[in-house]
Amino acid sequence: MRPPSRVREMPILRVVARALAPVILLFGLYVQFHGDFGPGGGFQAGVIFAAGLIIFALTFGAEALRQVVSVVLTERLMAAGVLLYGAVGVLAMFLGGEFLNYSALDPLTTGHHGQHLGIIAIELGVGIAVAATIMRVYYAFVGRRPESDGETREPSLGAEPGGRTS
Amino acid sequence: MPPVELLLMLLLLATAIVVARLKDLFAAAMLTGIASLLAAGLFVLMDAVDVAFTEAAVGAGVGTVLFLGALSLTSRREKQERTRILPILIVVATGAALIYGTWDMPAYGDPDAVIHHHLAPDLIAETENKIHIPNIVTAILASFRGYDTLGEVVVIFTAGVGVALLLGGLGLRRSDAGTEEES
């Protein structure tokens with residue numbers, strides 16, 4: 001692994017990452033909300049979305065990414081995703097159906113819209129939980145320092161801002 | 001076996017053997033990513049696009065990043081260990097048993113296979129009427145098996161919490177990175 005400072009000096013990597021990251025994020029959203037019609041769904045979308053952000057972090061440093069998505073935010077989003085999924089189930093119960101019976105979400109029609117709404121909502125929960133979990137795991141790896149050898153190496157996956165040289 | 005599948009399978013086999021033999025962990029991490037991509041290609045050829053999607057994103061993408069993250073914490077080369085016989089025997093015996101098991105499987109793509117006659121026809125016929133979305137895989141995962149998927153999300157959440165507790169991350173949780181207590 002090259003230290004991040006050298007990665008930051010590579011113009012091709014920087015330009016490609018800068019150009020690719022938004023496209024990957026957009027593709028993640030497409031996979032998320034097109035999951036009912038094409039391949040994909042919340043899990044894949046979450047992974048792709050997190051991968052887009054991690055590519056950004058690999059070239060510009062995890063510190064730069066942490067300005068956008070803080071560690072605490074990822075932890076909250078992890079829980080929020082699971083809770084969103086569960087809340088849809090409980091909401092269905094309050095509307096007179098069984099737990100996670102999405103047809104109950106739309107009592108006016110015969111259930112099409114309920115199923116649609118329910119699936120979109122729970123897939124969103126899955127996507128948020130997965131993306132946040134992967135970001136959190138990435139942060140966990142980046143934040144570790146090598147334990148044994150005396151010289152303190154910088155964690156090399158873009159962990160620290162470029163100005164820091166130890 | 002069709003030629004493209006055969007080619008991918010052979011490449012996968014070659015990659016796996018090289019990964020097992022390599023001592024350079026950086027190269028091994030990259031090659032595991034390539035192995036995942038080859039597996040994803042195989043899944044696409046088997047029309048399992050959703051699975052291929054996941055394999056490419058998780059195995060080739062994030063998995064490789066996490067391997068490299070772990071690698072940055074340790075040395076780049078694997079320690080030289082003398083070859084031991086017993087593990088090799090166990091692995092070979094397990095592999096042979098698995099291959100023996102595949103002999104009883106129906107031929108690849110066989111329309112008379114049991115799995116195509118139990119639930120699949122009902123699901124293919126009824127999903128459109130019951131759930132009203134065209135992707136049957138999503139309908140099964142999100143609606144018919146909503147409980148399972150909820151359980152899976154909880155598993156992912158638990159795994160994330162476990163990693164966060166075990167490894168911590170970025171020294172401190174909040175951005176006051178002035179003091180670092182870790183030695």
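The lining of the largest pocket comprises 30 nonpolar, 11 polar and 7 charged residues, where Ala, Val, Leu, Ile, Met, Phe, Trp, Tyr, Cys and Pro count as nonpolar, Asp, Glu, Lys and Arg as charged, and the others, Gly among them, as polar. The model is predicted: local features need pLDDT of at least 70, side-chain atom pairs count only at pLDDT 80 or more, and totals for chains, interfaces and linings use all residues. Residues are numbered from 1 along each chain as its sequence is written, chains are lettered from A in the order in which they are written, and side-chain values use heavy atoms, with hydrogens and water left out.

**Pocket**
- Of the 48 lining residues, B:M46, B:D47, B:A48, B:V51 and B:I115 lie nearest the centre of the largest pocket; a pocket is an open set of points on a 1 Å grid where a 1.4 Å probe fits, with protein on both sides within 12 Å along at least five of seven lines, and lining residues have an atom within 4 Å of a point.
- α6(B) provides the largest share of this lining, 6 residues; helices are DSSP runs (H or I, at least four residues) numbered from the N terminus.

**Domains of chain B**
- An automatic or database assignment gives domain 1 (1–110) and domain 2 (119–183).
- Both domains give residues to the lining, so the largest pocket lies between them.

**Interface**
- Chain B contributes 49 residues and chain A 54 residues to the contact, meaning heavy atoms within 4.5 Å.

Note on methods: Helix = DSSP H or I, 4+ residues; strand = E, 2+ residues; numbered from the N terminus.
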